[in-house]
Amino acid sequence: MKVAQRLKQSRELGILLILVVVSIVITLVAPAFFSIENLFDILKSNVVLAIMAIGMLPVILTGGIDVSVSSMVAAVTIIVGKFLMNVSGNIFLAFLVGCLSGTIMGLINGLLVAKLKIPPIVATLGTMSIILGVSLYYTNGNWITGLPKNFIDFGRITIGSFYRQGEEMIGFPIQLLFLILVAVLTWFILRHTLVGRGIYAVGGNRVSAERVGYNVDRITIFLYAYEGFIVGLAGVVHTSIMRQVDPNAFNGFEMQVISAVVLGGASSLGGYGSVSGTLVGVALFSVINNGLILMHIPTFWQKIVVGIVLIASIGFDVTQKRYRESHNTKVDIEEA
Amino acid sequence: MSRTRKFMIILMVLLAMTGLAFAQAKKVTIVVMPKLIGIPYFNASEVGAKKAGEDLGINVIYTGPTTADAAEQVRMLEDFISKGVDAICVAPNDPAALTPVLKKAKAAGIVVLDWDTPADKSIVDLSVHQIDDVVYGQHCWDLLVKEMGDSGDYAILTGGLSAANLNGWIDAGLSYAKTKYPKLHLVTDKVPTDEKQQVAYQKALDLIKAYPNLKGIIGISTPTPIGAAQAVQEKGLKNKIAVVGTALPTDSRPYLEDGSLRVVTLWDPSKLGYLTVVLANDLLKGKKPVNGQEIANVGKITVKADGKTVIMGPPTDFTKENAKNFAF
Amino acid sequence: MKSNTDKKTLARLQSKEAVLLFIFIGVFVLMSVLSPTTFLTWRNLQSMAFQLPELGIFAIAMMVVIVSGGMNLSITYTAALSSIIGGLVLSKMTAAGIGPGPTILAGIATFFVVGLACGALNGVIVADIGIAPMLATLGTSTLFEGICLNITKGGAISGFPDAFLWFGNATILGVPFPMIVFVVVVAAAYFLMERSPFGFKIYMIGCNPTVTSYSGVNVKKNLHRVYLFSALLCAIAGILMSSRYNSAKESYGSSYMMQSISAAVLGGTDISGGYGRIFGTVLAVMIIQVISSGLNILGVNRFIINVIMGGILILVLTINFISSGRKANAK
């Protein structure tokens, strides 16, 4: 009863409903969709998107935005790739280098936004051009191939095996552990720390947050650096899946990340949003994309279908939220 | 006072940023413009084009847009026309889009060539092709049939739906398959992969599940077969599904070696770059290419009956055995 | 009190645009000094004047929506869709043997109708359904791209009447026709945004839509109009592009998307809405054009050009911040 009540009030309800409906529709048309194998494939193919979306969430919660994520993650994969090839094949060190370089880039974004008061989208547009330009100038877009075997083997670890098909085990891909880690960590920071409350406060009303005593600049710098850290992690995870580095692999990826977060109920004006909502947003994106081919939708109709489903889902979500809000207000008045 | 100061600061910063990388003598200048820069294929052709420039003692500018956008190519070409160069060799992102700007170039007395992908035939002075598009498309399908047999389900993954040359090969291959291999069954229209290995990997996974009887995947554009091979490898289906396509040997080597990628085919892009510059330089001297001409570092070329379409030669097939012998 | 705030805004906008003007003159002089024989030539100036209008019109299409507190990620695909359907009309009528006069008239009408339809759809989704503009236009841009691809199957639409090429390629007294179109667009946008009641309402909505609606302004109606206006500009850009490239294709101009956001914010437009001057955006586009062409002529690596563009974006906003801070301290 209590759970149902909470679910009913949750802002993520609408989008969760859509996810369920879309999944049912796809399963009816293509039963292969609802198999453990396919679900693991979806998870593994979208784990990087999910990790980065969670990293973006706190930024969007404060009313900010970061369009440089795609260039940052590309730069991290290059740095990590070069590190693995030339310095050390140590996996732990690779993660350290990845997270560190991501954090530094995030820190720069944070400083530009907090200290120079450059609007987030402008600052990150600028850093995006710079990071991407430098990365591509340095690598000329050439792939880094032949990564150390231990790193590749690491990327193929699966935990448990649900069934066997051909030569490979179908199990729980190790990359999911990082998603769980990032999700729990972010959830904890947002819900149970002072910084987390500060983030929501800044998103709700910057000036009030300042008056209450939050150090808005410090919070801003922290959350961009934290995002950089997560993006760094995502870069290493991506490399462990793809086993080679393509500096162009993330062109245009920032829009997917941002829209997944916003789709998951985070308000681009700040103040609302949760880790679980973001995960539902990512899931909806992934499921729609996965369903296209499974449902045998012809190539030249796919984009049209995606566009319509996207607009319809968000439209439904927005209208039902508005309806519930007006409904709730009425109840409040009656009670008073 | 503060304004002048601001102005000075900006000036100085700009100066510092531009650097001093522009010492040019009055040599013959040839612009070689790929569809985009910063991808392995066009980096390899850059190496060849630059080398030809050194060998011939001429100035080769190799540059292009950072995304495969015809609009951006037109803008850059206009800049080069203003700058005044001797020859422009361009790989058009879209043939029709470049027609007006290439006309402008010709009006300005610039020699115009296309390479890699044909431009409007009536405008260019010379058209340098790695290969005949139809022959290449047919070759890809022959490779597919060799690996999967001449009957069964197969799918096509392509770099992008609007890439003119990829579409040309696919169309040639499809119409060839219709008569030569009637028992081949294409399960769905070509699937776009955004020129990304990650997307090709995802789409291949989806295709494998959506069409359980799939026996072959053909990947057109360089990152695509690699992504498809990765999917096949992870599913342990390398003996059931044959992946072939167009890719560079170095990038695809790990997958060729474990058999998840059966064979890929391509030409040496650096030779193509080299050949383009050599022919452009010849043309500036008034020398036209002839059929069967031997080009140093490239080999024998074929010139078609129209006298201005040059074919570099047959593609090379890269397999488990020979992939390590190539440096691109 | 009121005149005081007016003065403040006046000072602020003057300083923002003044910085841009200085930068423009700076880069222009710099490029002229660096390559005097190639940059500062009539031919190069003319070629820049051919190139600038496309990004310029897209930047204004982006800017007017940003001023209203929104965002339009569908500008390039709006232009592409109107070009493709308009292009179909042009090529089909030409193939049917209809003269260039009626063909071009019908073709251009189609560009506008399709463009406006795209804008109307954006308007409905943003204003009536209430989806966040960024998500809404991301959705419609995917939709428009899908429709484009469905029509062309990835190819280009060509075979326009020769007379149609005039729009993008002709010069009048040495001035490229696209430039003349751009000047007209700038003038129209200026009067509409900064001199008309409509524009005033748009700025108000951008500052605070709730307060604006309480003050008796029909927010929905005006949002509809701003998306229509933006789409109209996209259709014009589409006409120029199809004419300049002698064909229509879904990918033409896709690189203008991010560039037009950069141009708008470089031009001083407040990304959260409510502030932005046409003049600033135009200056920003001119700066981008001069740097892009100038560095291209110098043979600077394209990736380094991207780095420089990003650097300038951050630099200009830093200067804005420092100068506004200094003024605040002085008071």
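Reader: In which sense do β3 and β4 of chain B pair?

Author: Keep in mind that this is a predicted model. β3(B) covers residues 87-90 and β4(B) covers residues 111-115. Four bridges link the two strands, and the sense of the pairing is parallel.

Reader: And which residue in β4(B) stands opposite V90(B)?

Author: Look across from V90(B) to strand β4(B). The residue standing opposite is D114(B).

Reader: Which strands stand at the edges of that sheet in chain B?

Author: The sheet is open and has seven strands, with mixed pairing, and its order is β2-β1-β3-β4-β5-β15-β14 in chain B. An edge strand here has a single partner strand, so one side of it is left without a neighbour in the sheet.

Reader: At about what angle does α2(B) run to β2(B)?

Author: Helix α2(B) lies across two strands, β1 (29-33) and β2 of chain B. Its direction relative to β2(B) is given by an angle of about 165 degrees.

Reader: What separation do the centres of domain 1 and domain 2 of chain B have?

Author: Chain B divides into domain 1, made of 26-131 + 269-325, and domain 2, made of 133-263. Taken over C-alpha atoms, the centres of these two domains of chain B are separated by 28 Å.

Reader: OK, and which elements of domain 1 of chain B each supply at least two residues to the side touching domain 2?

Author: The contact brings together 13 residues of domain 1 of chain B and 15 residues of domain 2 of chain B. On the domain 1 side, the residues split into seven nonpolar, two polar and four charged. The elements that each supply at least two residues there are α2 (40-56) and β16 (316-318) of chain B.

Reader: Now for the neighbours: which helix gives the most to the side of chain B that touches chain C?

Author: This contact takes 40 residues from chain B and 48 residues from chain C. On chain B's side there are 21 nonpolar, 10 polar and nine charged residues. Helices α1 (2-18), α3 (70-83) and α4 (95-107) of chain B each supply at least two residues. The one that gives the most, with 11 residues, is α3(B).

Reader: Which element has the largest share of the side of chain B that touches chain A?

Author: Here 27 residues of chain B meet 26 residues of chain A. Chain B's side holds 10 nonpolar, eight polar and nine charged residues. Elements giving two or more residues are α2, β8 (191-192), α7 (197-210) and α9 (249-258) of chain B. With nine residues, the largest share belongs to α7(B).

Reader: Over in chain A, what is the handedness of the crossing of α3(A) and α13(A)?

Author: α3(A) spans residues 36-61 and α13(A) spans 275-294; their axes come within 9 Å and cross at roughly 145 degrees. Residues meeting there include I42(A), L49(A) and L57(A) from α3(A), and V275(A), V282(A) and N290(A) from α13(A). By class, the contact has 10 nonpolar, five polar and no charged residues. As for handedness, the crossing is right-handed.

Methods
Residues numbered from 1 in each chain as written. Chains lettered and ligands numbered in written order. Predicted model: local features only at pLDDT ≥ 70, side-chain atom pairs only at ≥ 80, totals over all residues. Axes fitted to C-alpha atoms, helices over the stretch in contact; angles between N-to-C directions. Left-handed = near helix turned anticlockwise from the far one by under 90°. Contact = placed C-beta atoms within 7 Å. Nonpolar A, V, L, I, M, F, W, Y, C, P; charged D, E, K, R; others polar. Domains from an automatic or database assignment. Pairing = 2+ DSSP bridges.
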